[in-house]
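Please read the following briefing alongside the sequence and the coordinates.

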Amino acid sequence: MNWPRLTLRTGALGYLAFLIVIPVGSVFYRAFQHGFATAWDAITTTDALHALWLTLLVVVIAVPLDTVFGVGVALILARHRFPGAWLLDALVDIPLALSPVVVGLSLVLVYGHTGWFGNWLAARGITIIFSVPGIVMASAVVALPYVVREVLPVLQEIGTDQEQAARTLGAGPLTVFRRITLPSIQRGLAYGMTLTTARVLGEFGAVAIVSGSIIGRTQTLTLFISSSIDNLDPIGAFTGAVVLGLIALGVLGLLGVVGPREGRTKWLSKSPESPSDSDPLSLSTG
Amino acid sequence: MTLEVPNGSLTALLGPSGGGKSTLLRVIAGLETPDTGTVEIDGEDLTGVPVRKRGIGFCFQHYAPFRHLTVRRNVAFGLEVRRLPKAAVRTKVDELLDLVKLTAFADRYPSQLSGGQRQRMALARALAIEPRVLLLDEPFGALDAQVRKQLRIWLRELHSKINVTTVLVTHDQEEAMEVADRLAIINDGRLEQVGAPADIYDHPANEFVLKFLGPATELDGAWVRPHDLVLHRSAEAPGAQQATVERVTHLGFEVRVDLRVAGDRELWVQLNRGSAAELHLSPGDAVWVSPSGTAVAPTPGTQTPGTPERGPSSTEPTTPVAVG
């Protein structure tokens, strides 16, 4: 019996069980404790459905924003030398270091009614805080680093040789990006987008501050769960949590489909049977 | 510097690492912008023309294969970018794969190829766009010695078959002399000498070229090739100088004899096995050394390093690539 290995496995599994499996499992259990029908009723109320719709809307806007921005910043950092690059690099990490609550507060300070741009925006009929644009902004800010951090190392690793080769073969900048760069960063990009989506789905602190959590208007799923608990509606909270969990699982599953799998990505792995140069090069050219 | 490359020639830019050979190649390709000067192909000024419109084929030192594409799609890339009809692309790619002997590997990914195969794929990819000039950056640098030898001969044959004007960069003088029909010796950003390999070897413009192209040793204050020296057991040869054998080293076919001549100067002679055996040399022996009939010492002073040199001699045809 291999005791050290067994201990390590038990320890790792136990840790996961106590931190993830049991708590998440109990949420599922509590949601369906009073039967499927009760859970269904709780999640199909107007407010719950609106929260679900709003959450998906925010994902659909914020994730593409962060993706385009993330790839752009990664390309700039990987392919260009300029003074202040380190500053841009550091700025990208700020949302990771800052508490989401601080992010939310700072947005309110700038774009709120009493904020720097608040009056100017209000005069033009644009409301950001306590409204959907604010929620999208807050979500985009907190999830901003993931695509950059996943794509940048891949870009640095592949270098510029392939892009230069494509240029000598007649490809313009867009073609180079679409046909060479994008396929090369595909895996990192898919992973970064998944993390971004998960972060946007689950964001609470920043969104709580900027949205005002107006039921049926600016309430996302996480806010809905929170207010359900406050309103002593545990079934609503648990079923909301289950829905959020299922969407997250769906996103992870999507990564499995979009991201590379064995067989589709032979080019990524070091081929174990990489041939040697022993094949005689026929010199009797025909 | 001014360098002209005749149409259809295979020119090697030869020199020590860091001398600016690769930079020159990248300037010709348009991957780097020269601070001053112009690049012309067929008399057309291409200095401001972007890389993708120059019509040059470039093989990178590490081949830069498109890792996510099969061999076939790699080769087809330049044609697909030009939006050629599918059938035409297919025919052309099949032709090229046959030319570089990779037909059997068409559906593999670059990671499943050996170094030599990747090199050939990169060549086929560059040739697909029917470039006006083919540029090869250290084409054999990353391969092991055996494959290197094979590929040199193969490249030579390929060139005589397709006859595209080719410029390659190498730091290996043996490789350059074997593959190229013209050499351009580059050192420290300067063009030292241009010409046919044999001419440069026999008539080096300066000491640097002499030493870089092959072994050199000093006799009577002049540089000679050690294989252009003759040893005698007696003083009968006119002009021979007396020396003492220090060491005899057998290197297979070649035998290296280290000598000490009057004035405590060192000298070495390269003999073939046969002549070494006839002489029965051993350390301490007295010998006489003289230059053989073909020995040519460089003529320092006629060409100072850094002097701009003109490329082809008058016997050579048109001048499609010119960097100035």
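Domain bounds, as used here, come from an automatic or database domain assignment. For chain B that assignment gives domain 1 (3-207 + 303-323) and domain 2 (226-291), and the C-alpha centres of domain 1 of chain B and domain 2 of chain B lie 42 Å apart. This is a predicted model, in which local features need pLDDT of at least 70 and side-chain atom pairs count only at pLDDT 80 or more, while totals for chains, interfaces and linings use all residues. Residues are numbered from 1 along each chain as its sequence is written, and chains are lettered from A and ligands numbered from 1 in the order in which they are written.

**Chain B overall**

- Chain B holds nine helices and 17 strands, where helices (H or I, at least four residues) and strands (E, at least two) are DSSP runs numbered from the N terminus.
- The C-alpha trace of chain B spans about 80 × 45 × 30 Å along its principal axes.
- Of the 324 residues in chain B, 42% are buried; a residue is buried if 20 or more other C-beta atoms lie within 10 Å of its own, exposed if 12 or fewer, and partly exposed in between, with C-beta atoms placed from the backbone.
- Among contacts in chain B with a separation of 6 or more, 67% join residues 24 or more positions apart, a contact being two residues whose C-beta atoms, placed from the backbone, lie within 7 Å.

**Nonpolar cores**

- A nonpolar core is a set of buried Ala, Val, Leu, Ile, Met, Phe, Trp, Tyr and Cys residues joined through C-beta atoms within 7 Å.
- The largest such core has 79 residues, of which B:Leu13, B:Val75, B:Ala124, B:Leu135 and B:Ala184 touch the most other members; its largest share, seven residues, comes from helix 4 (residues 115-128) of chain B.
- A second, separate core of 57 residues includes A:Val73, A:Val151, A:Ala208 and A:Leu244.
- Beyond its neighbours within four places in sequence, B:Leu135 is in contact with residues including B:Leu25, B:Phe58 and B:Val167.

**Strand 7 of chain B and its partners**

- All six residues of strand 7 (residues 165-170) of chain B are buried, with B:Thr165, B:Val167 and B:Val169 pointing one way and B:Thr166, B:Leu168 and B:Thr170 the other.
- Strand 2 (residues 10-14) of chain B runs parallel to strand 7 of chain B and is joined to it by five bridges, with B:Leu14 opposite B:Thr170.
- Strand 6 (residues 133-137) of chain B likewise runs parallel to strand 7 of chain B over five bridges, and B:Asp137 stands opposite B:Val169.

**The antiparallel sheet of chain B**

- Five strands of chain B form an open sheet in the order 12-16-13-14-15, with antiparallel pairing; two strands pair if DSSP finds at least two bridges between them.
- The edges are strand 12 (229-232) and strand 15 (265-272) of chain B, each of which pairs on one side only.
- Strand 13 (residues 241-251) and strand 16 (residues 286-291) of chain B pair over four bridges, and B:Ala243 has B:Val287 as its bridge partner in strand 16 of chain B.

**Contact between the chains**

- The contact takes 33 residues from chain B and 27 residues from chain A.
- Helix 5 (145-162) of chain B gives the most to the side of chain B that touches chain A, with six residues.
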